Amino acid sequence: TMRVAPEEHDDDEEAARVAAAAQAAYARLPRKGKAAAGREWTVLAAVVAEECGEYAAVALGTGNKCLGEHGRSAMGDVLNDSHAEVVARRAFLRFLYAQVEELLAHKQSVFETGPGSPPRITLRPEVKFHFYVSTSPCGDACINSERPLDTQAPNSVTSPSALPHDTSAAPKSATGSTIAVATAVTIVAAPVTTASVPETDAAPTETPVTAPTRKRRRINKGTEQQVDCGEQGGEIVTEQHCARVATGAKLIVAAAGKSVAIPAWREAQATAQLPGLCRTKPGGGDQTLSMSCSDKVAQWSVTGVQGALLSRIIHPVYFASVTVGDVDVARPPALERAFRTRTAALAPADFPVGYAVTPPRVHTCALQITPDLRPSRGRASSGTSINWSSPDCHEVTLSGSGKKIGTTTKSWGNPRQWSTLCKANLLTRYRAVTKVAVAAFPSAMETGQMHTYHTLKRQATGYRDAKQLFLNLPCFASWVQKPAVQEAFEM
């Protein structure tokens with residue numbers, strides 16, 4: 001069967017086949033690590049390969065939590081971000097390393113040796129990769145706004161006064177994310193809804209708006225709680241109303257010369273959940289350094305999904321499409337803005353050789369998903385994360401620690417408890433591959449035995465330059481950079 005040309009794609013069929021392949025791969029996995037039926041929920045993300053009209057998942061991940069700033073490790077031995085989209089992408093890296101090894105062993109692979117001096121490994125033209133997520137990725141893709149996107153506007157709020165002094169009173173959504181409680185003025189000035197409304201069997205409770213007062217009340221699961229809003233006015237709101245006006249991801253502001261995340265419960269006062277801005281993921285009280293999944297997917301359309309280390313070996317790999325499975329909350333205009341519009345201003349002539357802005361086709365899919373694969377009121381967020389890649393690499397980790405399930409205090413430092421997806425193990429995998437390939441690709445495969453993880457990433461000049469073009473876009477100018485000390489390890 002001939003591969004269908006991009007302009008002849010049946011979007012509905014493509015989305016359905018990608019979703020079916022992702023869900024089938026998940027269904028085949030053992031029960032261990034999956035959300036407890038009827039009691040927990042999680043998110044599923046997967047990478048699906050298309051070749052000659054056939055679709056098959058090659059990597060997947062589940063999860064919806066990440067570590068806060070103080071939970072990260074300078075040894076590269078933990079998974080800092082266990083959101084499904086990030087876990088699936090890291091599992092995909094493991095798959096790509098295996099495919100490079102297959103090519104070097106003269107076996108069947110998705111790669112081939114491309115032209116150039118030295119020659120570089122490139123994806124075979126008949127192979128495509130698609131990305132699937134069971135619900136809208138956190139961040140900009142969740143903001144369903146009619147406000148037009150100004151791609152030339154600065155990303156961040158620059159008033160440090162927007163930062164709260166106390167976040168302990170921040171209301172929480174049913175998903176555990178911090179959510180915004182908008183003032184009456186904000187709602188009138190910039191009416192915004194969100195695609196990520198948690199599922200509920202009960203009808204939303206309508207509550208009248210009151211005149212501005214010093215306190216704002218929140219109704220949560222039948223109880224009223226007082227939330228201190230300082231001198232700002234407010235309104236009586238329901239939890240369902242809150243969920244419709246905000247994403248849980250936190251806006252970044254410029255304060256004291258560095259990027260700081262505004263807790264999303266204060267964000268509505270400052271920015272009315274403006275579309276197009278980059279955000280960090282919410283954390284359990286500790287600010288995270290992980291960018292929202294919407295922002296990461298947008299970055300992958302510029303830098304490729306292979307990351308910095310693999311870019312020293314292979315040409316960039318881009319997703320052909322992104323499919324979101326929960327049609328009850330996913331809104332195509334929000335997805336288009338988050339994954340395509342925000343990077344549209346990049347000029348092709350500016351890119352390093354091999355790189356290009358490659359926005360994915362964006363789909364939603366009506367293929368039914370189980371209730372445990374989307375946010376659901378009345379269910380707890382699962383604390384485990386599954387990662388799998390073809391043919392049979394399968395792991396379960398704890399989202400709260402970033403280590404394999406079963407890790408104890410006594411075994412914490414044991415490398416056997418490190419996920420194969422952590423930075424330290426991916427660095428080990430990179431060096432193993434380069435040792436095999438150094439004879440064929442001497443300049444591209446320098447092993448860097450004496451270099452740190454951070455140094456090796458910086459030496460990937462093409463990837464670095466492409467990412468800088470991405471960060472120069474106004475939408476992403478406040479992207480949070482990880483401290484170099486957290487990547488100053490060797491293996």
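Colleague: In which strand does Val127 lie?

Modeller: Val127 belongs to strand S8. Keep in mind that this is a predicted model.

Colleague: Is Val127 buried or exposed?

Modeller: The cut-off for buried is under 20% relative accessible area. Val127 has 6% relative accessibility and therefore counts as buried.

Colleague: Which residues is Val127 in contact with, leaving aside its neighbours within four places in sequence?

Modeller: Those contacts are Glu50, Glu51 and Val110. A C-alpha separation tells a related story: Val127 and Ala49 are 78 residues apart along the chain, yet their C-alpha atoms are separated by 6.9 Å.

Colleague: Which residues of H1 are buried?

Modeller: The general idea first. An α-helix has 3.6 residues a turn, so residues three or four places apart point the same way. In H1 the buried residues are Glu14, Ala15, Val18, Ala19, Ala21, Ala22, Gln23, Ala25 and Tyr26.

Colleague: What do the buried residues of H1 pack against?

Modeller: Their partners are strands: S2 (44-51), S3 (54-62), S8 (127-133), S17, S18 (361-364) and S20 (384-389). S8 is the strand that holds Val127.

Colleague: How many residues does H2 have, and how far does it reach?

Modeller: H2 has 21 residues and reaches 30 Å between its first and last C-alpha, close to the expected 30 Å.

Colleague: Which residues touch the most other members of the largest nonpolar core?

Modeller: That core has 54 residues, and the ones touching the most other members are Phe92, Phe111, Phe129 and Phe131. Helix H2 (residues 84-104) supplies the largest share of this core, 11 residues. Another core, of 22 residues, lies apart from it, with Ala298, Ala308, Ala466 and Trp479 among its members.

Colleague: What does Phe111 touch, not counting residues up to four places away in sequence?

Modeller: Phe111 touches Leu96, Gln99, Val100, Leu103, Ile121, Thr122, Leu123, Arg124, Ile314 and Val317.

Colleague: Turn to backbone angles. Which residues deserve a look?

Modeller: The background is that most residues other than glycine have a negative phi, and most peptide bonds are trans. Cys52 has a phi near 55°, a positive value in a residue other than glycine. Cys52 sits in the loop between S2 and S3, and its relative accessible area of 38% makes it partly exposed. His106 has a positive phi too, near 60°. His106 is placed in the loop between H2 and strand S6 (111-113), just after H2. With a relative accessible area of 77%, His106 is exposed.

Colleague: Which peptide bond is cis?

Modeller: The bond from Ser390 to Pro391 is cis, with omega near 5°. Pro391 is in the loop between S20 and strand S21 (393-398).

Colleague: How much space lies in the largest pocket?

Modeller: About 960 Å³. Its lining has 38 residues, and the closest to the pocket centre are Lys457, Tyr463, Lys467, Lys482 and Glu487. By class, the lining residues are 18 nonpolar, 8 polar and 12 charged. Helices giving at least two residues each to that lining include H2, H6 (293-303), H9 (423-437) and H11 (461-471).

Colleague: How many cavities of 30 Å³ or more does the structure hold?

Modeller: There are 3 of them. The largest cavity has a volume of about 50 Å³, and its lining consists of Val297, Trp300, Ser301, Tyr318, Phe319, Val322, Thr358 and Pro360. H6 and strand S17 (319-324) are the elements that give two or more residues to this lining. H6 gives the most, with 3 residues.

Note on methods. Residues numbered from 1 in each chain as written. Predicted model: local features only at pLDDT ≥ 70, side-chain atom pairs only at ≥ 80, totals over all residues. Heavy atoms only, no water. Core = buried A, V, L, I, M, F, W, Y, C linked by side-chain atoms within 4.5 Å. Buried < 20%, exposed > 50% of the residue type's maximum accessible area, 1.4 Å probe, protein only. Helix = DSSP H or I, 4+ residues; strand = E, 2+ residues; numbered from the N terminus. Contact = heavy atoms within 4.5 Å. Expected span 1.5 Å × (residues − 1). 1 Å grid on protein atoms, 1.4 Å probe; cavity = no way out; pocket = protein on both sides within 12 Å on 5 of 7 lines; lining within 4 Å. Points joined across faces, edges and corners; volume = space filled by probe spheres on them. Nonpolar A, V, L, I, M, F, W, Y, C, P; charged D, E, K, R; others polar.
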